[in-house]
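Keep the 3D view open while you read.

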Amino acid sequence: MPKVFFKTFGCQMNERDSEQVAQMFVERGFTVTPQADDADVVLMNTCSVRDQAEQKALGSMRHLGKHRKKNPNIVYGMMGCMAQSRGDQLLEEVPHLDLVAGTQKYHRVVDHCVDLMKAKEEAQMDDLRRPIIDVDEEEDSQNTIRDHVAKEHGVTEFVSIMQGCNMKCTFCIVPYTRGPERARPIAEIVDECKRLGDQGVREVTLLGQIVNLYGRHEFPKVDGKSPFVQLLEAVHELDDIKRIRFTSPHPIGYKEDVIEAFTYLPKLVDHVHFPMQSGSDRILKAMHRPYKAQRFIDICDRMKEARPGIAISTDIIVGFPGETEEDYLETRKAVEHVQFDQAFIFRYSKRKDTPAAEMEGQLSERVKEERNQDLLQLVNDIVQRKNSELIGTTQEVLCEGPSRYNKETLTGRTSTNRIVIFDGDAERMAGQLFKVKITESTGYTLYGDPVLQ
Ligand code: SF4
């Protein structure tokens, strides 16, 4: 039985795309191996969001090339964002590459690899060096990310509901690597969630680059509700799905119907990951984020009214070109106002081929680092205070199974997306919702005791 090895860099969408490709290989008689040294096909799913991720992927693929000594017919492929943005240039960086497959070509990867394996066996490939480059746009490719690996599922799974993004934020490479927005039909997404529910999944995370703008070009509003809210309602109907998460929404499109949904759809969790990026109107404009900081803050306030106790996490970039001390202080002020429950803070770094990389006013690494550290400290203080306030309270937790770091203990998440570690029997508790009394907090992780019911 041939074997395929995967290495995935980047976001949850990449994880999900890799899983789809893995399932296609399994359907064709392959097994997925965790070791590259016994693989017949080595595939890397790549990320272009930061230069560091690209360099890591290139280094790793060069290193994996050593397995050709043992198996000269091994097939090497790179897929995803970097494959899309660099195309055949990747062959200059990694000469042993056999396949470069773009973000709209995941469903073609297995066919390409089987053809390449055959060609190598017949010794055509090494003689002729004809790698396959497949990076063109393909209509309906968003509908091909729909199958999950036929394994025992976890309790929680990702579901891609759309691909691409039309927003063109000036720091972001995604619109160039993932193409324009394309949504899957509601019925197909619901069907996928139902199949997952039948297999024991209890929580789904709906994925899209701008998830709340789902279907705006394809599907009409119904009773004033956006296609995204229609989708939330439809998934909510599924008995086996107990929790619904989504990531990441954009302030544009975070309209009243989305906020309202939190008042009548109890399976929507008490958490939203809501990227702010900056608290300065001037910088938001330079980022091509078409909203004012106050609008972002108002949405957060409205969400807290609609769902008291909701946790809000965010992404923030510090040190964007032209960011003055005053701009940075605006961001700080917004963080203090919203009191985020978690924040992913990034020092701005240039992405090749994005407008921001060419902007004047690039800041020194020292200034970026100072702002980064200052904001991290502020956010950590908020998170630690909020988490320590939970000591002594009882929280509902969805048990995900043994903890990654200590298999003797179990891990789960609160509806607000806080990780809780506790003792218990994995077989009996995984996939169950139950109450845990919080006894300790170490910054971002909570510890507790299950409450017997
Ligand atoms: S909304 Fe902006 S940051 Fe998000 S994927 Fe689209 S262009 Fe990138």
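Let's start with a pair of residues: I317 stands opposite F346 in β14. One thing to keep in mind throughout is that this is a predicted model.

Now for the six-stranded sheet. It is open as well, with parallel pairing and the order β2-β1-β3-β4-β5-β6. The edge places go to β2 (31-33) and β6 (132-134), and each has a single partner strand, so one side of each is left without a neighbour in the sheet. On average, neighbouring strands of this sheet are turned by 20° against each other, again ignoring direction. Zoom in on β4 (residues 75-80) and β5 (residues 99-101) and you'll find three bridges joining them in parallel.

Helix α1, residues 12-27, touches β1 (3-8), β2, β3 (41-46) and β4, and its direction makes about 175° with that of β1. Helix α2, residues 51-64, touches β1, β3 and β4, with its direction at about 175° to that of β3.

How many of the residues of β16 are buried? Five of five: β16 (residues 410-414) is mostly covered. L410, G412 and T414 point one way from the strand while T411 and R413 point the other way, and all are buried. So what does T411 pair with in β17? Its bridge partner there is I421, and G401 stands opposite T411 as well. The hairpin of β16 and β17 has four residues between the strands, and N417 takes a positive phi near 75° in that hairpin.

Here are the strand pairings side by side.

| Strand pair | Bridges | Sense |
|---|---|---|
| β4 and β5 | three | parallel |
| β15 (394-402) and β16 | five | antiparallel |
| β16 and β17 (419-422) | four | antiparallel |

Whichever sense they take, strands of a sheet pair through backbone hydrogen bonds.

Last, a helix pair. Helix α8 (residues 186-198) and helix α9 (residues 227-236) pack at an angle of about 30°, with their axes 10 Å apart. The crossing of α8 past α9 is right-handed. Which residues of α8 and α9 meet? On the α8 side they are I186, I189, V190 and C193, and on the α9 side Q230, L231, A234 and V235. By class, the contact of α8 with α9 has seven nonpolar residues, one polar and no charged ones.

Key: Residues numbered from 1 in each chain as written. Predicted model: local features only at pLDDT ≥ 70, side-chain atom pairs only at ≥ 80, totals over all residues. Axes fitted to C-alpha atoms, helices over the stretch in contact; angles between N-to-C directions. Helix = DSSP H or I, 4+ residues; strand = E, 2+ residues; numbered from the N terminus. Left-handed = near helix turned anticlockwise from the far one by under 90°. Contact = placed C-beta atoms within 7 Å. Nonpolar A, V, L, I, M, F, W, Y, C, P; charged D, E, K, R; others polar. Pairing = 2+ DSSP bridges. Buried ≥ 20, exposed ≤ 12 C-beta atoms within 10 Å, placed from the backbone.
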